[in-house]
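User: Could you take me through the ligand site in some detail, and then step outward to the rest of the fold? I'd like the cut-offs spelled out as you go.

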Amino acid sequence: MGDILKGIDSPSDLKKLHRDELKKLANEIRYFLIRNVSKTGGHLASNLGVVELTIALHYVFNTPKDKIVWDVGHQAYVHKILTGRKDRFNTLRQYKGLCGFPKPSESVYDAFAVGHSSTSVSAALGMAKARDLNHTDENIIAVIGDGSISGGIALEAINNAGRSATNMLVILNDNEMSISKNVGALSKHFSKLRTDPSYLSVKAGVHRFFDNIPVLGKPVEKLVERFKDTIKYFIIPSAFFDEMGFKYIGISDGHNIDELIDVLEKIKNVSGPVLLHVHTKKGKGYKFAEDRPWEFHGVSPFNVKTGKPLKKSEKISYSDFFGNKLVEIAKSNKDIVAITAAMADGTGLTEFSRSYPKRFFDVAISEQHAVTFAAGLAISGKVPVFAVYSTFLQRAYDQIIHDVCLQKLHVVFAVDRAGLVGSDGETHQGVFDISYLSGIPNMTIMSPKNGYELENMIEFAINFNGPIAVRYPRGEALEIFSDVDTPIEYGKSEKIFDGEEIALIFEGNMAKTAFDVVSMLRNDGYNPILINARFIKPFDKEMLFDISSKCKYIFTIEDGLKHGGMGSTVMEILSGNKNSPLVYSFGYDDCFIEHGSILELQKAYGLGKDYIYEKIKSIVEE
Ligand SMILES: Cc1ncc(C[n+]2csc(CCOP(=O)(O)OP(=O)(O)O)c2C)c(N)n1
């Protein structure tokens, strides 16, 4: 750790440094970030891009009294390092270690819990309104990226904030990137602001800006002159933000600490909503991340010298199985269109986007829009496939109900990262989708036991007619039961082993665990039936009534919440049935699940195979 960084245990230590030392500190932080993230994995490129901005914010503002609300929060590592957590930084994203996102229960410096995008302006406006009602005087700052600002909720908040007289600062961290290159009209507007000389009317801009600032008053001209002297700085109009009621100020060089500190000092006391547009480089200071920022957005442990991952898996991920199959089917079925909300790489759609650019839509971070857009495509005869992570689809709940399911439209939801995802933690664990999708009329939900079954399910979903979701987990696809390949029939499960007395019904990703538990029970002389549910909705009632007549015990195992999950469905179907077997469901309790490795978390939260085996034995032998 560098000498200056060693001495920083809180922002008050930072404030004692001279400006020259801040630049050295920025270098030390970059070195520290690269070294640590190369071991723990995490979000590297976005953090390298905000080193100077974060230093300047903590230098100028008084946190934790002043509140910094990070959008998404994946770029808050530097903030964590400066706010007393550098010594635990080697535990980042590990079980019981530091969370990879801001978390108020971890530190008073984390003003708001986050992990999903586009919430910062709303939360900051709420805090600002509460401050006004409380007659206190803290500053409220939202830091939002050019990717996240296109999310519907962010635009709703800007619309609301821009017409209130509330003091708040929104910093637009414009690095021209979402995870991949940013897309959309707003992104184009930002690029125009950065590059179009006709927008750079410095003098007029300076006058316009300060003429509008009540607290600064006179002598405006003198101030303007000083301002221009101290900062090499353009003040240019943004039609969009101006019209939305913000005092827009930009564009500031996000890697020039002096400039950032000067501008933040100046606008700190400006009244009303202000937007500061900062231009940064994603991956700044680490060549590999600057060259390929999308690869260093979220990384697994890597070799610092080569930029290459330490472990390269030979196995194919579920996302790849999905993406490859879709490319193949789309060759003959020209109605297939694919949609992503800024996650083409993560969801396995990159090849599709190259093969069928006209049938591929990156709609930017806008999951709600993506679903209703898909509904529009479906009602017009196309077969839209929306590939989306389980937790990000939560954003679009009403769109799924109101725009897709109500009209029984054929939209395919490829629900990636379903089940535990591990180190991203609470905000990203995909444990809710079975519960939130099951309760919607007309929705079908499937879950594959391995990569090959995922391919068959995608084909089935494409040829289906109606809303249909296929949920599958993060990472390498299971290969288990690859020799068991019965054709998929609507609403039918697949019997893997016949047996007696005990039945285990698993969903998708729990195939391996269920198989291991069955093997352990067999060693004890039991002969359990093993069922692959395949369809979580509609659930296979015929199979259920059949095994109910043969078994004394039915155990369900799912990578999701118990509440409203597959086990609940089984109990509901059997409720009121005389002589029903004892039903016990394995899944997650009613709680949020922290970060850690998937195996650690499964063990800690009741889905480890040993726990399941012991529990089954204790019930059966009672
Ligand atoms: C609702 C939601 N959708 C998708 C994501 C996944 N995601 C995390 S960061 C990110 C890109 C954000 O881009 P930007 O705001 O410009 O920040 P940058 O990483 O470029 O600093 C995306 C798509 C998310 N966190 N939340």
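Analyst: **The ligand site and its surroundings**

There are 22 residues around the ligand, and S46, H74, G147, S148 and E367 come nearest; a residue is near a molecule if one of its heavy atoms lies within 4 Å of it. Keep in mind that this is a predicted model, where local features need pLDDT of at least 70 and side-chain atom pairs count only at pLDDT 80 or more, while totals for chains, interfaces and linings use all residues. Residues are numbered from 1 along each chain as its sequence is written, and side-chain values use heavy atoms, with hydrogens and water left out.

On to the polar contacts (pairs of N or O atoms within 3.5 Å). The side chain of S46 puts an N or O atom 2.8 Å from a ligand oxygen. G147 has a backbone N or O atom 2.8 Å from an oxygen atom of the ligand, and a polar side-chain atom of D146 sits 3.2 Å from a ligand oxygen. Taken alone, the ligand exposes 580 Å², and the protein buries 97% of that (accessible areas by Shrake-Rupley with a 1.4 Å probe).

By residue type, the shell splits into seven nonpolar, eleven polar and four charged; here Ala, Val, Leu, Ile, Met, Phe, Trp, Tyr, Cys and Pro are nonpolar, Asp, Glu, Lys and Arg charged, and the others, Gly among them, polar. As for where the ligand sits, domain 1 (3–196 + 237–291) and domain 3 (318–471) both give residues to the shell, so the ligand lies between them. The bounds come from an automatic or database domain assignment.

Now for a helix pair. The axes of α7 (residues 120–134) and α8 (residues 152–162) come within 7 Å and cross at roughly 35 degrees. V121, S122 and L125 of α7 meet I153, A157, I158, N160 and A161 of α8. That contact divides into six nonpolar, two polar and no charged residues.

Most residues other than glycine have a negative phi, and most peptide bonds are trans. T63 and P64 are joined by a cis peptide bond, omega about 5 degrees, with P64 in the loop between α5 (51–60) and β1 (67–70). R93 has a positive phi of about 65 degrees.

Technical notes:
Polar contact = N/O pair within 3.5 Å; in protein donor to acceptor, adjacent residues only side chain to side chain. Axes fitted to C-alpha atoms, helices over the stretch in contact; angles between N-to-C directions. Helix = DSSP H or I, 4+ residues; strand = E, 2+ residues; numbered from the N terminus. Contact = heavy atoms within 4.5 Å.
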